Amino acid sequence: MKTAGVKAVKTVKPPPLLSKEVFGEDWVAFNRLTSIELTAKEASVAVHPSLVDPTEKRVLAVHWHPEWIPIELVAERVKRAFPAALDSLVIPTQHNQILTYGEWSGVEADAYAPDYGLKIQLLIHLRTQTLPKATTLVGMMERTFRYRALQLLDILDNVVNPDATVKNEIKKLGFSSDSINLAQLLARRLQNLIEKADLGHSNRAETLKNRLLPDFMAARGQEYPPETLDRAMALCRLVKSQVKRRLTPSRFHTAKDLVEEAKGLGAGVVIPHPPQFWPILLSDLNVDGWEVWNPSTPNHTIFLLEALARQKKNKRPILAFMGDDTHMSSKIRPDQKSEEKNNLDREIGFQSPWRDPKVLTVLKKTGQSRERTMDEYRTRLT
Ligand SMILES: [Zn+2]
């Protein structure tokens, strides 16, 4: 298995250290929540997979998120998970950030599909040697990444200075002035820390996520009455939903533009979890595959395989993929309140339905298989 010498391509700028004197306990909490340094114990967790398949010879894993876990450790983990592997196609797909794993690079891109007005995702995979030519694609992803990261800043802004709509909602729901003040106080302090640390441009940018606000509030709100803190957190959730509703999908690149750019580079494109945006299957996007299974959309595998088989017999048939969609940070620091409750069960390279007898029958009938997907997809990436 070729995993030697893998490394991320993110540009890295160390964040300035915030003075503990000025920021006190806020600084301690902020540094802990945005830390991407692994303790020895965390590093050990990173390289020890939760599942091991001692006999599998081939590893296919083209939808997973290293997040801030160093890719070298992830490579070690995959090696331990599949000690007998002779052949592997393992490509990371960070959200809107192109990352490299040996000879392969990949990304899970947010895009907009104007025909049916939905934000969608696309998995894009390419050979690392192609990256120097991929400046347009890299730029498209950087813009998308920044736009997504701005959401947290927008939420903080709207907690501190609610606009008329948000003010109205807050009033309607009868938040006490104590809870409003507490939400504003903690949001303001977090704003300050993010700004001073220049988090968005540091190597901790990956931690600039909506989740940072409730985590920071939980860490720093302990000295206030629990009911007040609870209400303050509810208020922030309300603001978040308002801000999310206002997210303008048209600010994303269109799916068509992204696919064209990727295809021009000889990259491959796969539609992840299509049940999250069904209309995409009726579009004529030039894609190489569909995920017929993903832990977030586990119930349509046979339906999707049969739908694939009904596709026109075109020159480049659409291949069946399964995405384990593993998020590495949840292995290291599990989020108890995560919406993705099954995150912990996920493991890079493990997609159990490939071996489900019912699925196997349909795979056979439709001429699809994990091996075929691996072999054919690899030859398409030029
Ligand atoms: Zn994903």
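1. Start with Asn-96. This residue counts as buried, because 21 C-beta neighbours lie inside 10 Å and the cut-off for burial is 20 or more. Asn-96 sits in the loop between strand 3 (87-90) and strand 4 (99-101). Its phi is positive, about 60°, although Asn-96 is not a glycine. Keep in mind throughout that this is a predicted model.

2. Look for Asp-325 in the loop between strand 9 and strand 10 (326-327). Is Asp-325 buried or exposed? It is buried, because 24 other C-beta atoms lie within 10 Å.

3. Six strands form an open sheet, and their order is 4-5-6-7-8-9. The pairing is mixed. Which strands are at the edges? They are strand 4 and strand 9, and each of them pairs on one side only. From one strand to the next, the twist averages 35°. As background, strands of a sheet pair through backbone hydrogen bonds, either parallel or antiparallel.

4. Follow some of the pairing strand by strand. Strand 7 (residues 268-271) and strand 8 run parallel and are joined by two bridges. Ile-271 has Trp-290 as its bridge partner in strand 8. Strand 8 (residues 289-293) also pairs with strand 9 in the parallel sense, over four bridges. There, Trp-293 has Met-322 of strand 9 as its bridge partner.

5. Next, the largest nonpolar core. It holds 62 residues. Which of them touch the most other members? They are Ala-111, Leu-122, Ile-124 and Val-269. Strand 5 (residues 104-113) gives the most to this core, with six residues. In soluble globular proteins, nonpolar side chains tend to be buried together.

6. Take Leu-122 as a worked example. Set aside its neighbours within four places in sequence. What is Leu-122 then in contact with? The list is Ala-109, Ala-111, Ala-255, Leu-258, Val-259, Val-269 and Ile-271.

7. Leu-199 is buried, because 22 other C-beta atoms lie within 10 Å. Along the chain, Leu-199 and Thr-34 are 165 residues apart. Their C-alpha atoms are separated by 8.6 Å.

8. Finally, the domains. The domain assignment gives domain 1 (55-135 + 252-380) and domain 2 (147-249). Taken over C-alpha atoms, the centres of domain 1 and domain 2 are separated by 33 Å. How many residues are in contact across the two domains? Eight residues of domain 1 are in contact with five residues of domain 2. By class, the side of domain 1 that touches domain 2 has three nonpolar, one polar and four charged residues.

Conventions:
Residues numbered from 1 in each chain as written. Predicted model: local features only at pLDDT ≥ 70, side-chain atom pairs only at ≥ 80, totals over all residues. Core = buried A, V, L, I, M, F, W, Y, C linked by C-beta atoms within 7 Å. Buried ≥ 20, exposed ≤ 12 C-beta atoms within 10 Å, placed from the backbone. Contact = placed C-beta atoms within 7 Å. Domains from an automatic or database assignment. Nonpolar A, V, L, I, M, F, W, Y, C, P; charged D, E, K, R; others polar. Pairing = 2+ DSSP bridges. Axes fitted to C-alpha atoms, helices over the stretch in contact; angles between N-to-C directions.
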